[in-house]
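Subject: Structure handover

Hello,

Here is the structure I promised to pass on. My notes follow below it.

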Amino acid sequence: MKKIILITFSLACLSAFSQQKNRSYLVDSKLAPRDHNVDFKHLRLEVSFDPAKGLVKGKVTERFTPLRLKTDSIVLDAIDMTIKEVLLNGNPVGFKNDKTYLTIFPTSNLSWSSTDSLTITYEATPLKGLYFVGWNDPNNLSRKQIWSQGQGTDNRYWIPMYDEMNDKMITELIVKFDKSYKVLSNGKFMGTKENNDGTLTWHYCMTRPHSSYLVMLAIGKYDIKETRSKSGVPMHLYYYPEWKDRVEPTYRYSEQMVDFYEKEIGVPYGWESYSQIPVQDYMFGAMENTTATVYGDFSCVDKRSYLDRPYYGTNAHELAHQWFGDLITAGSDAHHWLQESFATYYDELFECSVFGVDPFLWSKRSAQNASLGESAKNDYPIAHSDAGTVRHYPKGAFVLDMLKYVCGSREEYNKAIKYYLEKHKYQNVDSQDLLKAFEESLGLSLDWFWDEWIYKGGEPKYSIAFQENSDASQFFVQQTQELTDLSGMPVQGKERNAPADDGFISPGISEYRPAGLYKMPIWFEVFYTDGSMDKKQVMIEQQSELVSIPNTGHKKIDYVLFDPDNNVLKSVKFTKPFDMLTEQALKAPGMLDRYDALVALKTSPVEKKRDVLIQVFNKEKFHACKGEVIAQLAKDKDPQSLALIEKALSDKDVLVRKAALREIHVITPDLQPKVELMLKDSSYDIVAEALQKLCENNPGNSASYLAATKNTDGTSGRNVGIRWLELSYNLTNDKQYADKLVAYTSNSYEFRTRGNAMSALKRLSYFDIKLVDYLTDAILSSNVRLSKPGSETLSYFFAQDKYTKSIKEYFGSKTWPDWQKKKLSAFM
């Protein structure tokens, strides 16, 4: 059973309908920030490395102020470190190192009136937090890098520190390393000093405080593009020297993003400068370290791979974090949404400013679908440490857009956000701080919105029926979601008013509302055949409501809309007649309303809808609507439908071409020339899929298809090159192609190439004893996007009797540390 905490508020009896309210929320063990007895003000790290051993050699000095009247110990996070010496205010001091925490014992109690300093000399070989990439590649093909990833709280693996979100400090890194490499860290670059041993000492320093998980370090071989935003923010865009052609496609819009955010948010960029740096084998998309975003080098795109996986969305998301996450930071994991939801939303706003409203609405639809899927699993709200990625990112972004909608205008919403940021600049925040910002800056009482959308899970489910009377259009609205204390609003009032004869209540009449219902303003629109329309906004909050829109002119109705443009996160059941759906698909002003009409036509016979769908395709500009038409006509053998599919294969929009190619399973003689042209498409994804389908449908021509795509690696992960090797082996059974795939699984290559090669070898069922060594290396990786496919591939071969013995012998012939044994136990 789910744990529930009931918080009961006793309210004064103000009217005959008033009664005690109960508010129920899911318990969150990480609701409160971690306890700590000192406030760290400044961290100075002097560090060097032995990369081949994965060894960190450091001396960290941390200045702090006690928070308690008497402080007799200080606890730092320090995972598996060797502590050489600890000094307190310059003097040796006792300490206890249990490999998780470093506890320091002052010789006498510290007073909260003092400012004290700890200096710790240590060594570490971190398994998390700091990663040594390529130094163990026996072929010397891999890039050689060192880079950090502090979020979650993983900087504690390489720096002894108080490693939590709820303390902020100024940080300073002094890094000694081989002078042929570049070093990047947070803050202002203070300069380098050349040493006699072929190294440089790099010095970076923050001037404003930030949280410990945002401390970063990256070392590698790079060139840098120097640029500035219009407001003068210095920007340092790192890239691999041999990838100069990827700089513009990768960093497109970077300066424009800073300008957009400063104007939209109303708060200037709050740091010294902004850098972005790609790294190999990065386990996430990117990380918003203060002043210095680290991102996976798989996002470094050329002009062709830009069409498949452009970086601008990740770029905008991480930049937004410099305000939401870095300038202000959630004080505990329960309020993590204050960072990720905002970054997701402001990325969407930026993209809307560049690409228009339709992609923005499509992002909201994706968020809606994902949110409804998560709610089918559990009731977590977005303000919960266990809410998960969908709620922290896309659902939270949708909720922020609803918050703007409820406020009534972009200007009012922006005023509150600016107030919130300026009030809490360089501080920690929680969800209540955001609520107070709207109360204090706009005078809005939005407790009900926080209850529905922040502190509780779920979404409303609406069932809509429409009826046309002689002088009015009537919408019958029912909320059909399960009514629980963990979603929607708390119970309101004592009893329900008697409903009308039809069972529905007109808005605003009832004083009673059971728990679990949602209160949201919703627009209702009626479009007439003469081109005019009527609309009405109603606060829907009862289980059953009747909304009436007068039609005094007795106009003929063309189609009707409930919540046009999908302003409210919800599921809807609204059955409409065929003729109304076709008019909506052709005429509705909003893309999503046209799209929804198309989806509703799925069950209609193709003969009945074909002409309308073709009209829609020829009229539409957005890929999702065109893609839905393609999906519904793909199996239709009518010449008009076949001509449409052929046309779609050469559409100027790459997403439409992808949709058309995806729906083709049998390549007819008429379509074959079009698909063959796709072997030279500007999209690498299309080239890979066209090559696969052509070889499957026309195996006799495979050699010519492979010749046409030879030496085309493709985008990140060598998506075309790996597919080419697999198909070449299938065609010729020549071992050289399979052996190249085996080589691609080794640590000489980045993780996406390795993963794609593993998948190809599984499909081919090709095994080589070298593969066991490469897969083992993958399984031991801290990057789950490498370790998971590595484990799955080795398990696939291990389950086959002919390979089991040789795999067991491999593991039996080696000595494994305990942490490796744990990961590899299934194969021993």
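Start with helix α8. Seven positions there are buried: Ser431, Asp433, Leu434, Leu435, Ala437, Phe438 and Ser441. Bear in mind that this is a predicted model. Several elements cover those buried residues of α8, among them α4 (337-355), α6 (389-407) and α7 (410-423). Strand β27 (427-429) and helix α9 (447-453) also belong to that cover.

The length of α8 checks out. The helix holds 12 residues, 431-442, and at 1.5 Å a residue it should span 16 Å. Its end C-alpha atoms lie 17 Å apart, which agrees.

Both ends of α8 have something to look at. At its start, a side-chain oxygen of aspartate 430 comes to within 3.1 Å of the backbone nitrogen of glutamine 432. After the helix comes glycine 443, with a positive phi near 75°.

Next, the sheets. One is open and has four strands, in the order β32-β29-β28-β34. Its pairing is mixed. The edges are β32 (544-550) and β34 (571-574), each of which pairs on one side only. From one strand to the next, the twist averages 20°. Inside this sheet, β28 (residues 461-468) and β34 pair in the parallel sense, over four bridges. If you want a residue pair to inspect, take isoleucine 464: its bridge partner in β34 is phenylalanine 574.

Another open sheet has five strands. The order is β21-β22-β23-β25-β24, and here too the pairing is mixed. β21 (223-228) and β24 (286-287) are the edge strands, each pairing on one side only. β24 and β25 (residues 292-296) run antiparallel and are joined by two bridges. Alanine 286 has tyrosine 295 as its bridge partner in β25.

Last, the cysteines. How many disulfides does the count come to? Zero, where a disulfide needs two cysteine sulfur atoms within 2.5 Å. Two cysteines show why. For cysteine 352, the closest cysteine sulfur is in cysteine 625, 16 Å away, so the pair is too far apart for a bond. Cysteine 352 counts as partly exposed, because its relative accessibility is 24%. For cysteine 407, the closest cysteine sulfur is that of cysteine 352, at 18 Å, again too far for a bond. Cysteine 407 is buried, with a relative accessible area of 8%.

Best wishes

Notes: Residues numbered from 1 in each chain as written. Predicted model: local features only at pLDDT ≥ 70, side-chain atom pairs only at ≥ 80, totals over all residues. Heavy atoms only, no water. Pairing = 2+ DSSP bridges. Axes fitted to C-alpha atoms, helices over the stretch in contact; angles between N-to-C directions. Expected span 1.5 Å × (residues − 1). Buried < 20%, exposed > 50% of the residue type's maximum accessible area, 1.4 Å probe, protein only. Contact = heavy atoms within 4.5 Å. Polar contact = N/O pair within 3.5 Å; in protein donor to acceptor, adjacent residues only side chain to side chain.
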